[in-house]
Amino acid sequence: MEPANQFLIKEEKVYSGALSCRGCGWALLVRHLSSILGDETVYVVPASCFSIIAGPYPMNELRGTIVHTVFAAAPATATGVRASLDRQGKKDVTVAVLAGDGGTFDIGFQSLSGAATRGENILYICNNNGAYMNTGIQTSTATPYGAITTTNPSANYKKTWPKDLMGIIASHNIPYAATASLAFIEDFRNKVQKAKEVEGFRLLMIDGPCPPGHKSEPDQSITIARLAVETRLFPLFEVEHMNYRINYNPKEFVPVEECLKLQGRFRHLFKNGSKEILEEIQQHTNNYWERLRMLESNSN
Amino acid sequence: MSDIPEVKAKEMANNQTEKYPRHKLKVLKGNFAAAEAAKLCRAGFVPAYPITPQTTIVEQISEMVARGEMDATYINMDSEHSVFAAAKGAALAGERVFTATSGQGLFYAHEVLHAIAHFRLPVVICNVGRPSIPWNIWSDQSDSISQRDTGWVQFYGESSQEVLDSIIQGYVIAEELDVPVMIVLDAFYQSHTSENVFIPDIDLVDEFLPPKKKKGGEIEVDNPKSFGGLVPPEHYEKFNLSYWQDITKVEDLTNKIGKEFGKKFGREYSAIEAVNIGPETKMILVTLASITTTARGVIKNHPEVGLLKLRLFKPFPKKSVLNVLKNVNEECIIINIDRNFTGDSEGAIMQEMKRALYGKSFKMYDVYAGLGGKDVPPSTIEKIIHKGFKNPEEVMWIDFE
């Protein structure tokens with residue numbers, strides 16, 4: 001019997017020679033995504049790592065249309081593209097935003113909220129690698145507690161919790177929002193497929209491996225992504241019109257350290273005297289999981 | 001009633017005009033004339049965000065769309081930045097796009113104005129001029145003037161009629177050269193002031209401005225392309241060169257389209273307008289927008305004073321200006337009336353006029369007048385003329401006595 005996850009990509013929609021770093025999540029994400037969305041897709045890309053990965057002028061990494069746009073307003077540009085395609089009778093064409101966490105949590109937040117509230121028929125993909133990686137690892141409001149970045153160096157490591165973007169976007173009562181991991185590729189593909197078919201504003205939050213930013217080994221990207229789910233640092237769940245469903249219940253308890261210790265950005269947490277910080281992260285992670293379970297049990 | 005000739009009475013009764021066939025005469029505020037123009041041009045996408053004193057333009061468009069009088073997708077956006085980003089997306093997909101803004105809204109959209117210009121998108125907007133915070137909502141051209149370097153073509157309308165007519169001509173120019181166009185009108189003096197406006201029938205506009213055609217540079221989902229990716233240094237300049245080649249055609253095209261518009265609609269336009277300028281002219285007032293009308297009246301009492309109205313401001317109509325001044329004695333005084341503040345010693349009109357007249361020996365003076373909506377009545381224009389002849393200074397602030 002063939003392994004279930006072999007040859008998932010039936011037709012490659014990404015050309016060879018992509019510009020992503022070794023072990024980058026974008027490469028795998030876009031290969032799977034584009035294989036499901038197909039050629040007749042318009043990808044709207046704000047400033048992000050993918051602005052570079054998509055290929056410099058006059059190249060195009062994808063068998064699809066790419067519209068590069070300003071950092072703060074990809075959902076707005078997508079709104080205009082959508083409106084125009086609809087007027088041309090091309091309602092079946094998917095308009096997808098491919099953004100990083102800076103373009104989603106920070107500078108593009110208002111535009112995202114606007115498009116979600118208007119119910120624009122757009123599929124929004126956030127590759128969340130937890131910092132401004134393209135500009136050299138600066139802190140975003142998605143940066144995890146305890147992480148070191150170039151703007152939160154050494155003793156000044158990040159001491160605030162990341163914004164709960166999923167909670168905020170779910171509260172917009174959109175038809176579909178989900179988290180997904182490249183270590184759970186079938187779940188990821190199912191969610192892309194589902195998101196493609198739903199009409200209205202849809203958002204997928206992908207845990208984005210980033211070896212240069214996370215100070216991890218490229219060959220550990222998938223391992224770390226898997227551990228992020230197993231430790232519940234990055235739970236897999238979906239929200240449909242504010243109804244939550246957890247998609248994966250880790251079978252056993254795995255402490256957050258198991259995931260954090262593979263990333264150099266958390267190295268200082270494993271030195272003497274830092275145990276309390278790790279405990280705090282564990283506690284916050286447990287609380288978030290419990291909250292998710294509560295939201296799930298309160299859902300239809 | 002008996003004073004009204006029979007023909008005129010009939011004309012008024014059915015709103016038809018003898019003066020301009022295939023037009024209807026309406027009394028409209030400037031903002032409503034702009035909204036009417038967007039409908040006549042069959043703009044298909046209107047992203048909008050409210051800001052005083054632009055608001056009634058987008059309100060009126062949303063009303064016309066809701067009533068089914070205008071076939072457009074109207075979307076209430078979350079900011080002007082998003083408005084222009086949406087305009088960019090829709091224009092890139094081939095839609096004819098219209099929107100309107102003012103002051104802070106235009107400042108906020110600045111980044112996207114550059115993007116629209118450099119993506120070569122023929123978007124047309126109406127800007128109702130007002131200055132920057134500290135809060136002031138009144139007439140001032142500092143907002144649009146500060147967008148001079150974005151690559152947008154700028155027209156300033158003297159009347160509501162001119163605003164309506166310039167929006168129609170603006171689309172023709174924008175779509176021929178693939179450059180965005182901004183039509184500016186003065187806050188309140190125009191935006192909220194009612195005037196007689198001759199509204200052309202939509203089929204007449206259709207003949208002049210046919211439905212938007214795709215040129216092949218738009219989004220075509222069955223022919224995927226990448227738009228706006230990272231451009232390396234060896235290529236970037238080529239885009240600037242091609243922009244330069246087209247933007248330098250705007251002045252001639254404005255005059256050509258203005259003439260054709262005249263043939264079709266009965267009202268002819270050009271990049272600039274010279275009033276009472278000849279070899280004997282001793283002083284020329286240079287104006288934009290509604291101050292022009294006031295100056296028109298005042299110079300009737302001053303046969304030695306001429307008026308140079310700039311309708312096209314960006315790119316600056318240097319050729320037309322030189323042409324008008326070629327027979328004027330260079331002893332003539334030129335007074336630029338600037339209702340804008342650039343943070344520099346001179347206002348924008350003075351800067352541009354000096355640039356255009358480099359090498360000429362005209363005496364050039366600048367007057368700041370009407371900033372933040374301060375009224376510029378005929379008495380102020382009289383004062384400018386008087387001071388200009390008597391004791392001019394290079395840069396003058398008027399009405400502070």
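**Figure 1. A loop residue of chain A, A:Asn173, sits between a helix and a strand.** In this predicted model, look for A:Asn173 in the loop that runs between helix H6 (165-170) and strand S5 (176-181) of chain A. Its phi is near 60 degrees, which is a positive value in a residue that isn't glycine. That's worth a second look, because most residues other than glycine have a negative phi.

Figure 2. You'll find A:Arg232 in the loop between helix H9 (221-230) and strand S7 (237-240) of chain A. How many C-beta neighbours does A:Arg232 have inside 10 Å? The count is 23, so A:Arg232 is classed as buried.

**Figure 3. Two cis peptide bonds, one in chain A and one in chain B.** In chain A, the cis bond joins A:Tyr57 and A:Pro58, with omega at about 0 degrees. A:Pro58 belongs to the loop between helix H2 (49-53) and strand S2 (65-68) of chain A. In chain B, the cis bond links B:Ile133 to B:Pro134, and omega is about 15 degrees. B:Pro134 lies in the loop between strand S5 (124-129) and H7 of chain B.

**Figure 4. Helices H2 and H8 of chain B cross each other.** To describe two packed helices, you give the angle between their axes and the distance between the axes. For H2 (residues 30-40) and H8 (residues 160-177) of chain B, the axes come within 8 Å and cross at roughly 25 degrees. Angles under 35 degrees count as roughly parallel, so that is the label for H2(B) and H8(B). Their crossing is right-handed. From H2(B), the residues making the contact are B:Gly30, B:Ala33, B:Ala34, B:Glu36, B:Ala37, B:Ala38 and B:Leu40, while H8(B) brings B:Ser160, B:Val163, B:Leu164, B:Ile167 and B:Ile168. Sorted by class, this contact has 9 nonpolar, 2 polar and 1 charged residues.

**Figure 5. Domain 1 of chain B touches domain 2 of chain B.** The domain assignment puts domain 1 at 10-263 and domain 2 at 272-397 of chain B. Taken over C-alpha atoms, their centres are 27 Å apart. Where they touch, 28 residues of domain 1 are in contact with 24 residues of domain 2. On the domain 1 side, the elements giving two or more residues are helix H7 (142-145), strand S6 (153-156), strand S7 (181-186) and helix H11 (250-265) of chain B. Which element gives the most to this side? It's S6(B), with 4 residues. By class, the domain 1 side has 14 nonpolar, 9 polar and 5 charged residues.

**Figure 6. Chain B meets chain A.** In this view, 36 residues of chain B are in contact with 37 residues of chain A. On the chain B side, strand S2 (45-48), strand S3 (73-76), helix H4 (80-92), helix H6 (110-118) and strand S9 (226-227) each supply at least two residues. H4(B) gives the most to this side, with 9 residues. The chain B side has 19 nonpolar, 11 polar and 6 charged residues.

Terms used. Residues numbered from 1 in each chain as written. Chains lettered and ligands numbered in written order. Predicted model: local features only at pLDDT ≥ 70, side-chain atom pairs only at ≥ 80, totals over all residues. Domains from an automatic or database assignment. Contact = placed C-beta atoms within 7 Å. Nonpolar A, V, L, I, M, F, W, Y, C, P; charged D, E, K, R; others polar. Buried ≥ 20, exposed ≤ 12 C-beta atoms within 10 Å, placed from the backbone. Axes fitted to C-alpha atoms, helices over the stretch in contact; angles between N-to-C directions. Parallel < 35°, antiparallel > 145°, perpendicular 65-115°, else oblique. Left-handed = near helix turned anticlockwise from the far one by under 90°.
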